[in-house]
Amino acid sequence: MKKRFIAGAVCPRCSEMDKIVMYEKDGINYRECVECGYEDEMPVAGLANEIPTRVNEKPAKPQVAEQVLNFVDPSKK
Ligand SMILES: [Zn+2]
């Protein structure tokens, strides 16, 4: 199972940033805080841009387990 850190995500329980990982289990997406152990099921609709709708178009590339998603606002630098 691959887990990916969500850059800029804040844990709703411990308020730590960049501690949230996202992973998929049994076709359901979950997010988990590596800091405090918080776990939550993520609605699929909220991940529309993450889920390939046409799997066949995606080459079977090996994914890095700790791929960091960078959607941090570059203007905040
Ligand atoms: Zn937490």
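**A close look at the hairpins**

Author: Let's start with strand 2 (residues 20–25) and strand 3 (residues 28–33), which pair in the antiparallel sense over six bridges. A strand here is a DSSP run of E with at least two residues, numbered from the N terminus, and two strands pair if DSSP finds at least two bridges between them. This is a predicted model, where local features need pLDDT of at least 70, side-chain atom pairs count only at pLDDT 80 or more, and totals for chains, interfaces and linings use all residues. Residues are numbered from 1 along each chain as its sequence is written.

Strands 2 and 3 make a hairpin with two residues between them, and D26 in that turn has a positive phi of about 55°. K25, in strand 2, has I28 of strand 3 as its bridge partner.

K25 is exposed because its C-beta has 9 other C-beta atoms within 10 Å (buried means 20 or more, exposed 12 or fewer, partly exposed in between, with C-beta atoms placed from the backbone). Leaving out residues up to four places away in sequence, K25 touches M1 and Y30; contact means C-beta atoms, placed from the backbone, within 7 Å. K25 and M1 sit 24 residues apart in sequence, yet 7.4 Å apart from C-alpha to C-alpha.

I28 is exposed too, since it has 11 other C-beta atoms within 10 Å. Its C-alpha is 7.5 Å from that of M42, 14 residues away along the chain.

N29 stands opposite M42 of strand 4. Five residues lie between these two strands, and G37 takes a positive phi near 90°.

Definitions and conventions. Helix = DSSP H or I, 4+ residues; strand = E, 2+ residues; numbered from the N terminus. Contact = placed C-beta atoms within 7 Å.
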